[in-house]
2 protein chains.
Amino acid sequence: MNLVLLLPEDLVAPDRAHLTGRRLEHVREVHRAQVGDDLAVGLLGGAMGRGRVLRLEEGVLDLALTLDLTPPPKLPLTLVLAVPRPKVLNRVVAAAASLGVARMVLLNAWKVEKAYWTSPKMRPENLRDQLLLGLEQAKDTVLPELRLARLFRPFVEDELPALLAGGTGLLAHPGTGGTAPKALAAPITLAIGPEGGWIDAEVQSLLDAGLQPLDLGPRILRTETALATLVGRLF
Amino acid sequence: MNLVLLLPEDLVAPDRAHLTGRRLEHVREVHRAQVGDDLAVGLLGGAMGRGRVLRLEEGVLDLALTLDLTPPPKLPLTLVLAVPRPKVLNRVVAAAASLGVARMVLLNAWKVEKAYWTSPKMRPENLRDQLLLGLEQAKDTVLPELRLARLFRPFVEDELPALLAGGTGLLAHPGTGGTAPKALAAPITLAIGPEGGWIDAEVQSLLDAGLQPLDLGPRILRTETALATLVGRLF
């Protein structure tokens, strides 16, 4: 937690916050903060700055806030991600938020098992918690937009073309031989498949919708590694 | 496991392998392979190709091997990594191997807690297992060189300059304002600090040894995310 992310309900005055729970414990046990210390803080959806510790006791953390910084800009990137296994979902969602992805669509695909959709990890509260962890990690306050698209075809045929308008759409897929265009018009939409890859019919639908194939080379990377590598390459 | 990595002791003939244990279970339960199927296989440190399933029963997997492919090239990259927390060590080491890092040095730093060094995760057997997992993920057969440097100063002063000879050394560190040189002479050496960052004296020693500062921007990324982003950016 590189930034203590404040929720509206934490504010007891415009320049005073009162924290309990996980963030309080983290500040006590990991930061080992003391009264008078300054912590990096940010208001969810708003400004960032410093929080001076006024009181830190069992169950109570009071901060005096100076919020004079703007959060870092988002990447002009929409990530269209086939739903990963529950075990890796949290990590991928938090990593995407930390990298500054502006918008994320969790999409169904042939090789996404049905059980992934009913996993407790896919509940909105959990997904939001992972996004918040990513923001705390990266020192950002602005939640990416997150949308769940349970039907592949309607999303790809009816919504994806509009997302691509004026920008560049890329389909990360091994073995296509496609290389990233040199000059990428932003915004960029990047589609990353499930662990077993997109099936041929899905590849064709995504290409028909306007995505360009992008070959990742011979190495098969885990989703979060592939995502970060692509962000480094494209931005 | 995108590649079944064969160890020398798995070979019962030059073109026959006999597997047990974790890899057998994975092939049965995740790949759900059947007799006659072809699996992607590779011989540790050697060629890759196909393994046709001859026999697959409780406790026994026999493969007929055709090893006619070369593993993907390594990145000309030495990663000098401050020892991460045990909880994240496995992930970072496996990710580095999957990305194709040629050589990895796990280095001490002021903000590396002493207990990290005595964690069971730092044992050579565990580190090797994580490297193997990274190779299986990426479809590679060649282990990166791995070295543990428990003393910061002797490594940085006496060994690092020789590693840098003829190549480019980069010090990933927030807030330096340094941008990556446009033309990077390979091999590249990349130093990534601990979670709390390098302390000033360490930054100075690393710069004195010939590293150039590389600012990662305002977002603080987890080690494995930062590593993958940098690999995408530099290669």
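Buried residues make up 40% of the 235 residues in chain A, where "buried" means 20 or more other C-beta atoms, placed from the backbone, within 10 Å of a residue's own. This is a predicted model, in which local features need pLDDT of at least 70 and side-chain atom pairs count only at pLDDT 80 or more, while totals for chains, interfaces and linings use all residues. Residues are numbered from 1 along each chain as its sequence is written, and chains are lettered from A and ligands numbered from 1 in the order in which they are written.

**Chain A in outline**

- You'll find seven helices and 12 strands in chain A; helices (H or I, at least four residues) and strands (E, at least two) are DSSP runs, numbered from the N terminus.
- The C-alpha trace of chain A spans about 60 × 40 × 35 Å along its principal axes.
- Of the contacts in chain A with a separation of 6 or more, 70% are between residues 24 or more positions apart; a contact here means two C-beta atoms, placed from the backbone, within 7 Å.

**Two domains**

- Chain A is assigned domain 1 (4–69) and domain 2 (75–234), with bounds that come from an automatic or database domain assignment.
- The centres of domain 1 and domain 2 of chain A, taken over C-alpha atoms, are separated by 33 Å.
- Where these two domains of chain A touch, domain 1 puts in eight residues and domain 2 puts in six residues.
- On the domain 1 side of that contact, strand E4 (residues 38–43) of chain A gives the most, with three residues.

- Six strands of chain A line up as an open sheet, E1-E4-E5-E6-E3-E2, with mixed pairing; two strands pair if DSSP finds at least two bridges between them.
- At its edges are strand E1 (4–6) and strand E2 (11–13) of chain A, each pairing on one side only.
- On average, neighbouring strands of this sheet are turned by 40° against each other, direction ignored; axes are lines fitted to C-alpha atoms, for helices over the stretch in contact, and angles run from 0 to 180 degrees between N-to-C directions.
- Five bridges link E4(A) and E5(A) in the antiparallel sense, and Leu39(A) stands opposite Gly51(A) in E5(A).
- Gly51(A) belongs to strand E5 (residues 48–57) of chain A, and Gly51(A) is buried because 27 other C-beta atoms lie within 10 Å.
- Gly51(A) and Val41(A) sit 10 residues apart in sequence and 5.9 Å apart in space, C-alpha to C-alpha.
- Leaving out residues up to four places away in sequence, Gly51(A) touches Val4(A), Ala17(A), Leu39(A), Val41(A), Leu63(A), Ala64(A) and Leu65(A).

**The parallel sheet**

- Another open sheet of six strands in chain A has the order E9-E8-E7-E11-E10-E12, with parallel pairing.
- Strand E9 (145–149) and strand E12 (212–214) of chain A are at the edges with a single partner strand each, so one side of each has no neighbour in the sheet.
- Neighbouring strands here are turned by 20° against each other on average, direction ignored.
- Helix H2 (residues 86–99) of chain A packs on this sheet, touching E7 and strand E8 (101–107) of chain A, and its direction makes about 155° with that of E8(A).
- Strand E7 (residues 75–82) of chain A runs parallel to strand E11 (residues 188–192) of chain A, joined by five bridges; one pair across them is Leu81(A) with Ile192(A).
- E7(A) also pairs with E8(A) in the parallel sense, over six bridges, and Val80(A) stands opposite Val105(A) in E8(A).
- Seven of the eight residues of E7(A) are buried, leaving this strand mostly covered.

**The core and the contact with chain B**

- The largest nonpolar core holds 124 residues, and the members touching the most others are Leu81(A), Ala96(A), Leu190(A), Leu81(B), Ala96(B) and Leu190(B); such a core is a set of buried Ala, Val, Leu, Ile, Met, Phe, Trp, Tyr and Cys residues joined through C-beta atoms within 7 Å.
- Residues up to four places away in sequence aside, Ala96(A) touches Leu79(A), Val101(A), Met104(A), Gly134(A), Pro144(A) and Leu227(A).
- The contact between the chains takes 22 residues from chain A and 22 residues from chain B.
- On the chain A side, H2, helix H4 (124–138) and helix H7 (223–234) each supply at least two residues, and H7(A) gives the most, with seven residues.

Technical notes
Buried ≥ 20, exposed ≤ 12 C-beta atoms within 10 Å, placed from the backbone.
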